[in-house]
Amino acid sequence: MTTPFDPIVLGGKHLANRVAMAPMTRSRAFGPGAEPTELMATYYAQRAGAGLIVTEGIQPSPVGQGYPDTPGLHTPGQVRAWRAVTDAVHREGGVIFAQLMHTGRVGHPSLLPDGLVPVGPSAVAADGQVFTHEGPKDFVTPRELSEADIRQTIADFAEAARNAVEAGFDGVEIHGANGYLIHQFLAPNSNLRADGWGGDTEGRIRLAVEVATAVAEAIGSHRVGLRISPGNPYNDIAEDAPDEVYLALLDRLAGLDLAYLHLLEGPNRDLTPRLRKSWPGAFIINPFTHPDATGPEALKLIEDGTADMVAYGALFLANPDLPRRLAAGGPFNTPDTATFYGGDHRGYTDYPSLTA
């Protein structure tokens, strides 16, 4: 029987265990350059005992930023600053992937430079608010991306992936979940397009497929993972019947030989084994444990073959040496999920509050 503490090869990298650190956006890149700080290097190095670290969301372009003080990977200064983070993790024997997160319509013009406004597949505003330096503000109606804009966005993801490799990352995870840009294209309530980037299933999965293909061509498919969250309502997404779209997406991506698929599971666990069966590569699960943080009992999902790795979020924040504690059976510091999840207890979001 496979155990959570058996090694695994993922994307050509030998991981010491099957416990992953989930991406958790923390808004710590203070200053005009959106560059990671020395404190962030310490934070990730402390958690290098994870089999795999996936970073907080990193915007691939200026317009991809949806929260204050989140880091980018689109300038030389950002690349240099991330090198300090990856070096720190590698010195501790860790493996770290950069999560590339374009937030799309989620955000506010006050967070963006040079008069930019949030963009999306269609001019449909999300219901809700985003935290800014001036306090919470309503989401605005995004500018609908043109064909040229979409092509540029795909190119931005590929260039950010190249920058990630230059910065020393072992790979990248494309964020296709949680109501951000790629998820907005997948969902019928945020993508009202009638052209080749919307409408039917093939149109709605197209951006995810083309981004994954471009990134794989840029840095090698073995360095690329994808995160999805079928049926996740976060950021005002509505996917009442996600099965067809996501099974079609996995079918189209199967031939790319990506490093892994990372499922942020929803309450419909019936879909999980179907996705697992459809995916030919490594399968990471961030299980649905609403209203609690994922606990040690989730390790059974590796033992019973549901997944190859389990991703932990809040418990990793409260326990930097989490794999060691899991192997020993505890003790565990208790995460403050009200703080980590900004008061949202639906169990879906990987975006802790700004005070986490």
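## Helix α1 against helix α2

Contact here means heavy atoms within 4.5 Å. In this predicted model, Met-40, Ala-41, Tyr-44 and Ala-45 of α1 are in contact with Trp-82, Ala-84, Val-85, Ala-88 and Val-89 of α2. Sorted by class, the contact of α1 with α2 comprises nine nonpolar residues, with no polar and no charged ones.

Helix α1 spans residues 38–46 and helix α2 residues 76–91; their axes come within 8 Å and cross at roughly 25°. Because angles under 35 degrees count as roughly parallel, α1 is roughly parallel to α2. The crossing of α1 past α2 is right-handed.

## Helix α5 against helix α6

The axes of α5 and helix α6 (residues 243–253) come within 9 Å, crossing at roughly 40°, which means that α5 is oblique to α6. Here too a right-handed crossing is found, as α5 passes α6.

## Nonpolar cores

The largest nonpolar core has 80 residues, and those with the most contacts inside it are Leu-73, Leu-249 and Tyr-312. Helix α5 (residues 201–219) supplies the largest share of this core, 10 residues. Apart from this core lies another, of 15 residues, including Leu-10, Leu-15, Ala-259 and Ala-311.

Leaving aside residues up to four places away in sequence, Leu-249 touches Leu-186, Ile-205, Ala-208, Val-209, Leu-226 and Ile-228.

Key:
Residues are numbered from 1 along each chain as its sequence is written. This is a predicted model: local features need pLDDT of at least 70, side-chain atom pairs count only at pLDDT 80 or more; totals for chains, interfaces and linings use all residues. Side-chain values use heavy atoms; hydrogens and water are left out. A nonpolar core is a set of buried Ala, Val, Leu, Ile, Met, Phe, Trp, Tyr and Cys residues joined through side-chain atoms within 4.5 Å. Buried means under 20% relative accessible area, exposed over 50%, partly exposed in between (1.4 Å probe, protein chains only). Helices (H or I, at least four residues) and strands (E, at least two) are DSSP runs, numbered from the N terminus. Axes are lines fitted to C-alpha atoms, for helices over the stretch in contact, and angles run from 0 to 180 degrees between N-to-C directions. Angles under 35 degrees count as roughly parallel, over 145 as roughly antiparallel, 65 to 115 as roughly perpendicular and the rest as oblique. A crossing is left-handed if the near helix is turned anticlockwise from the far one by less than a right angle, and right-handed if clockwise. Ala, Val, Leu, Ile, Met, Phe, Trp, Tyr, Cys and Pro count as nonpolar, Asp, Glu, Lys and Arg as charged, and the others, Gly among them, as polar.
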